[in-house]
Amino acid sequence: MLTLALTGAVSAAAAVAAGYQSMAPTGQWYGQTFTGLHPASRQIALTYDDGPNDPHTMRLLEVLARHDVRATFFLIGGHVKQRPEIAREIVAAGHVVGNHTFTHPLLTFKSESHIRHELEQCRSALQDAVGEHSNLFRPPFGGRRPAVLRIARDLGMSAVMWNVTGYDWNAPPAAKIERKVAKQIRGGNVILLHDGGRKQMGADRSQTVIATDHLIARFKPEGYEFVNIPQMMGKNSHNQVGGFTP
Ligand SMILES: [Zn+2]
């Protein structure tokens, strides 16, 4: 960036950087979001987006229960309305649920009233399904701009990004998901995975479920502690904001 600026390509470079920052999970230009802890931490937070989803959310709950691990699920409000009982199962199993909007739009291009509506609709779907829940919010596709974060803050919500991506959107083989995640683990990681599909119920997440099983079995013996996002945020709450940028 600096080199480019000095050569006179300031505005072009700034525009590229601004576009990058609006989507980059650990970018902080557009407001502070939680992206994990410093790598000195031995904590890891598994997060799952785009559920609830039948049957893979339930399969995932079985795996997490077997390992006695609690995770964080960012649910799509529309899916919650379709299958509220799955959302209730997630909560009953001790996991945390957060807001992932009602229809999963890229909020970067939406009006302020639309953004607010998406967050509120999802919140009320969650409220109807599970009652009181966390104030955590994850923007679809990681897309955000100052208005998105300001509106979330106005609604009392706290934005959570990630610093490890599982690249499991297109359901690659479990071994591939596991390998991609494993090589990014440093400690203090928030791992992005998917138990659902943004478009509809029924996305095949069997490979993510298998990868989860293997990742926990692999990293727990190395001394890592699997926690949910509120647990991770609760510690070092003054130096975690901004998190660790890999
Ligand atoms: Zn999503």
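Where is H194 found? H194 is in strand β7, and strands here are DSSP runs of E of at least two residues, while helices are H or I runs of at least four, numbered from the N terminus. This is a predicted model, so local features need pLDDT of at least 70 and side-chain atom pairs pLDDT 80 or more, whereas totals for chains, interfaces and linings use all residues. Residues count from 1 along each chain as its sequence is written, and side-chain values use heavy atoms, with hydrogens and water left out.

**Around H194**
- H194 counts as buried because its relative accessibility is 3%; the cut-offs are under 20% relative accessible area for buried, over 50% for exposed and partly exposed in between, with a 1.4 Å probe and protein chains only.
- Its side chain has a polar contact with the side chain of D168 at 2.7 Å, and another with the side chain of W169 at 3.3 Å.
- A polar contact here is a pair of N or O atoms within 3.5 Å; within protein, one must be able to donate a hydrogen and the other to accept it, and residues adjacent in sequence count only if both atoms are side-chain atoms.
- Leaving out residues up to four places away in sequence, H194 touches Y48, D49, D50, D168, W169, R205 and T208, where contact means heavy atoms within 4.5 Å.

**Zinc site**
- The zinc ion gets its protein donors from D50 (OD), H100 (NE2) and H104 (NE2), at 2.0 to 2.1 Å.
- Donors are N, O and S atoms within 2.8 Å of the metal (3.2 Å for Na, K and Ca), and sites may look incomplete since water is not among the atoms.
- In sequence, the donor residues follow the spacing D-x49-H-x3-H.
- D50 in strand β1 and H100 in the loop between β3 (96-99) and α6 are 50 residues apart, so this pair links distant parts of the chain.
- D50 and H100 are both buried.

**Nonpolar cores**
- The largest nonpolar core has 36 residues, and L46, L64 and F73 have the most contacts inside it.
- Such a core is a set of buried Ala, Val, Leu, Ile, Met, Phe, Trp, Tyr and Cys residues joined through side-chain atoms within 4.5 Å.
- Elements that each supply at least two of its residues include β1 (43-51), α3 (56-67), α6 (112-130) and β7 (189-194).
- A second, separate core of 15 residues includes F34, L37, M161 and V190.
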